[in-house]
Amino acid sequence: MITAETIEKIKETARIEEVVGDFVHLKKRGSSLIGNCPFHGEKTPSFHVSVNKGIYKCFGCGVAGDSVRFVMEHEKYSYPEALKFLANKYNIEVEETVESKENIELNSARESLYIVSQFAANFFEDQLWNSADGKAIGLSYFKERGFREDIIKKFNLGYSPDVWDALTLEAEKNGHAVEYLEKTGLSIRNDKGKLYDRFRGRVMFPIHNFTGRVIGFGGRTLKTDKNIPKYVNSPESDIYHKSNVLYGLFHAKKAIRDQDNCYLVEGYVDVLAVHQAYIENVVASSGTSLTIEQIKLIARFTQNVTILYDGDAAGIKASLRGLDMILEEGLNVKVVSFPDGDDPDSYMHKVGAGAFKTYIEEQRQDFILYKANILLADAGKDPIKKAGIIRDIVESIAKIPDNIKASVFIKECSHLLEIEERVLLTELNAIKVAKSKKAAAPQRASSSPSHPDMPPDDLFAEDGPAEATEVATQQISTDILQEQEIVRLLLTFGHELVTFEQVGEMHVGSFIIQNLGDVTFENALCKRIVDYYTAEVENGQLPTINQFLMSEDGEIATLAITLSTSPYSLSENWLNKHQIYVKDESQNIKGAALADFIILKSER
């Protein structure tokens, strides 16, 4: 168990904007930082980070917490695992006390999958550099492909011996349980119960998760036998879900944020080649067709994606069909195609790093216009084919959520397709109307109430989330809302000194607690907070809001954050332009507290 002193040091050191910023692209807005929520799909940011309070809150799906809670939710870590992650990030030494066997086993099951995966990565890498076969076969292969040693080491590339059970035996010899070798898919059990290695005689590409931990592998055979699959990948496991992973993202995320652009390629070696050209903001879809989850990963860091296509014409047309969903997610898509017969890897090694970088910078073009040119060339002078292509292109434009962008592409395509702009607009509107009707059908069948965290439209609101929340919630009773209001005053103004008639000067928190003796809270969560606050006051301590915002109890932390944050801010225009001064609530704490008591007690 991690000592209380270490936990306190971790929480004091970890900066919320740095921790969240490793996973979410944040932009300044007012006193907050905002970004697209990593916990639910959205195109308009509703995820707010308060640097001053050290907390985050999504006003779309309701998630909230501090740095530790964010790591727990995002990485699916236990509380101790999240603390250790942050301790490692900030180079804090973790002091621990003896933990019970049951807790050790509970916390170590998932960790064991990471540990055995890292062991395998180390084993494969050692084989590549130090074994006779590894150097003669694996290392020679990478060097013959033109990869420098620094690139090979950067991505921890390796070699799996062409032996049935080399890794399995070495892992068992080092005390790793067979159970975890099987769960990660590193070892497979045959019909006779004998264990053997999944990867044999292959060069190995370790796959890292968002935070740099090894979660799986891709293995490429060097044999020419057509009956042997060229690539073998790790199966799905508790730590590896291929649709949620982008190969190279751990190495690329900072560069993607800095360059505000992500290069997307097809395979492992393409990522290596682009890195060798000193371009680090590149990822691959990890041997799968591009998924929505992978697109959303990219969207956390940038709204700009550049696809680096192979030069094969058939492959280009097949890829075109799957890229509309990038547009649908609101990202800007550009395309670079290479000469026929080349891919990013082969072209980079053919022309060199400098010429490669110049080529992709000069050749990229908007996806819609690129698609139009490719399909028109294929249609030739066939009017029927051309009509189908026009409809296909307009359908792609209809997926762009930004109406201004869509109208610009309509204008451009009008010239390119040699068809009147109004005809394209008519088709675009027809597609959008049909799409709206289809989307509205299930909503008419069952209407859902609004989210309680989203306040109503406010006359003084400068800006806020534009998209409607998709989260269905239960209606909250007036009594519970009033109880939450009392809790909000406790947390927000508990330390404020106010002069009350016939009582004199006292802290708002003490005043509220003294007057709650005849009130029974219906909401269990509010009651837990009030009971804790009461116990602290009786012990001569006045709790701070941070004790609740940073609580290990996730429910308490979420409610505290919800009650102390808002997606809206008062516009400066009321004073600057209209000379209207709007009083802040803190200027009349006494009135707010007394009014809430009158309302709460009148309803009992």
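Residues 24 or more positions apart account for 67% of the protein's contacts with a separation of 6 or more. The model behind this figure is predicted. The protein has 604 residues, and 47% of them are buried. Its secondary structure comes to 27 helices and 18 strands.

Strand S12 covers residues 262-265. Are its faces covered or open? Both faces are covered. Cys 262 and Leu 264 are buried on one side. Tyr 263 and Val 265 are buried on the other.

S12 pairs with two strands described here, S14 and S13. Strand S14 spans residues 304-309, and its pairing with S12 is parallel, over three bridges. In that pairing Leu 264 stands opposite Ile 307. Strand S13 spans residues 282-284 and also runs parallel to S12, joined by three bridges. Here Val 265 stands opposite Ala 284.

Helix H11, residues 268-276, belongs to a β-α-β unit with S12 and S13. The unit is right-handed.

**An antiparallel sheet**

Strands of a sheet pair through backbone hydrogen bonds, either parallel or antiparallel. Four strands of this protein form an open sheet in the order S6-S9-S10-S11, with antiparallel pairing. Strand S6 (158-160) and S11 stand at the edges with a single partner strand each, so one side of each has no neighbour in the sheet. From one strand to the next, the twist averages 35°.

Strand S10 holds residues 214-221 and is joined to S11 by three bridges. Gly 219 has Val 232 in S11 as its bridge partner.

**Rings**

The whole structure holds 27 aromatic pairs. One of them joins Tyr 247 and Tyr 268 edge-to-face, at 4.7 Å centre to centre with 75° between the planes. Which parts does this pair tie together? Tyr 247 lies in the loop between strand S11 (231-233) and helix H10 (249-259), and Tyr 268 lies in helix H11, so the pair ties together parts 21 residues apart in sequence. Tyr 247 is buried, at 2% relative accessible area. Tyr 268 is buried too, at 5% relative accessibility.

Ring pairs also build a cluster. Its members are Phe 23, Phe 39, Phe 47, Tyr 56, Phe 70, Phe 210 and Phe 301. Lys 89 lies over the face of Tyr 90. The table gives the distances.

| Charged residue | Ring residue | Distance from the ring centre |
|---|---|---|
| Lys 89 | Tyr 90 | 5.6 Å |

**Arg 198**

Where is Arg 198 found? It is in the loop between strand S8 (195-197) and S9. Arg 198 counts as partly exposed because its relative accessibility is 24%, and buried means under 20%.

Its contacts reach well beyond its sequence neighbours within four places: Arg 198 is in contact with Gly 185, Leu 186, Ile 188, Val 232, Asn 233 and Pro 235. Val 232 is also the residue in S11 that bridges to Gly 219. Arg 198 and Ser 234 are 36 residues apart in sequence, yet their C-alpha atoms are 8.3 Å apart in space.

Note on methods. Residues numbered from 1 in each chain as written. Predicted model: local features only at pLDDT ≥ 70, side-chain atom pairs only at ≥ 80, totals over all residues. Heavy atoms only, no water. Buried < 20%, exposed > 50% of the residue type's maximum accessible area, 1.4 Å probe, protein only. Pairing = 2+ DSSP bridges. Right-handed = clockwise from strand over helix to strand, strands pointing away. Phe/Tyr/Trp six-rings, centres within 6.5 Å; stacked < 30°, edge-to-face > 60°. Lys NZ or Arg CZ within 6 Å of the ring centre and 35° of its normal. Axes fitted to C-alpha atoms, helices over the stretch in contact; angles between N-to-C directions. Contact = heavy atoms within 4.5 Å.
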